[in-house]
Amino acid sequence: MNVLVTYPERCVGCRICEQWCSWKHEGQVNPTKSRIRVHRVHSKYLNIPVTCMQCAKSPCIAACREGALRKDSATGAVIVDEEKCIGCRRCVRACPYGAVAIDKDKRIVLICDLCGGEPQCVAHCREGAIEYVSLAVADRGHRAAYVETVVATMAAETKDGIKATGEGGCQ
């Protein structure tokens, strides 16, 4: 199973991902109908792509009393049954990542369905800010980033004299 991985440090805020998403799903370029949203943090000059993380336990599915949400067995994506969705927003509140939205015209939920396994946001992101990779690769990247943080922290400690190898440490 593949998942979307976003890299905010690469995102330039062009919002091409939102446009292609709305075009793919709604046949119109309208970012308000996109399943991915680029959240801008103006004070930090950051653009953060927000999309469904396809959680294993899917709190959005658990919150849906109408049975309108289910997991696709092939892609692992959350699929919305538009006939059953009543737009109650329980799934919006249940999502820990703020990745679920409501289509204000149709009054139904918008959740990333991974475009059936060919995410258009990934295909059209020129900056490589969104990738569609296997779970193993996604986890490996997270681990590598964590290790880099630990190495940088240790280097800073050594530089500040907090911990100097071979200089008074235990031997």
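The following questions and answers work through a predicted model of one protein chain.

Student: What percentage of the contacts with a separation of 6 or more is accounted for by residues 24 or more positions apart?
Tutor: Of the 171 residues of the protein chain, 34% count as buried. Among contacts with a separation of 6 or more, the share that joins residues 24 or more positions apart is 53%.

Student: Which elements give two or more residues to the largest nonpolar core?
Tutor: This core has 32 residues, and those with the most contacts inside it include Leu4, Leu69, Cys91 and Val100. The elements that give two or more residues to this core are helix H1 (16-26), strand S5 (78-80), helix H3 (90-94), strand S7 (108-110) and strand S8.

Student: Which residues does cysteine 91 touch, not counting residues up to four places away in sequence?
Tutor: Cysteine 91 is one of the residues with the most contacts inside the largest nonpolar core, and Leu69, Val100 and Val109 are listed there as well. With residues up to four places away in sequence not counted, cysteine 91 touches Cys60, Ala63, Leu69, Val100 and Val109.

Student: Which element gives the largest share of the lining of the largest pocket?
Tutor: The largest pocket has a volume of about 560 Å³, and of the 22 residues that line this pocket, the closest to its centre are Val5, Ala138, Asp139, Gly141 and His142. Two or more lining residues come from each of strand S1 (2-6), strand S8 (130-134) and helix H5 (135-159). By class, the lining has 13 nonpolar, five polar and four charged residues. The largest share, seven residues, comes from H5.

Student: Is glutamine 54 buried or exposed?
Tutor: Glutamine 54 lies in the loop between strand S3 (46-50) and helix H2 (59-63), and has a positive phi of about 50 degrees although it is not a glycine. Its relative accessibility is 5%, and because buried means under 20%, glutamine 54 counts as buried.

Student: How does arginine 89 count at 41% relative accessibility?
Tutor: Arginine 89 lies in the loop between S5 and H3, and its phi is near 75 degrees, a positive value in a residue other than glycine. Since buried means under 20% and exposed over 50%, a relative accessibility of 41% makes arginine 89 count as partly exposed.

Student: Which residues is arginine 70 in contact with, leaving aside its neighbours within four places in sequence?
Tutor: Arginine 70 is found in strand S4 (residues 69-71), and at 46% relative accessibility this arginine counts as partly exposed. Its C-alpha atom is separated by 30 Å from that of arginine 143, 73 residues apart along the chain. Leaving aside the neighbours within four places in sequence, arginine 70 is in contact with Ile61, Ala77, Val78 and Ile79.

Definitions and conventions
Residues numbered from 1 in each chain as written. Predicted model: local features only at pLDDT ≥ 70, side-chain atom pairs only at ≥ 80, totals over all residues. Heavy atoms only, no water. Helix = DSSP H or I, 4+ residues; strand = E, 2+ residues; numbered from the N terminus. Buried < 20%, exposed > 50% of the residue type's maximum accessible area, 1.4 Å probe, protein only. Contact = heavy atoms within 4.5 Å. 1 Å grid on protein atoms, 1.4 Å probe; cavity = no way out; pocket = protein on both sides within 12 Å on 5 of 7 lines; lining within 4 Å. Points joined across faces, edges and corners; volume = space filled by probe spheres on them. Nonpolar A, V, L, I, M, F, W, Y, C, P; charged D, E, K, R; others polar. Core = buried A, V, L, I, M, F, W, Y, C linked by side-chain atoms within 4.5 Å.
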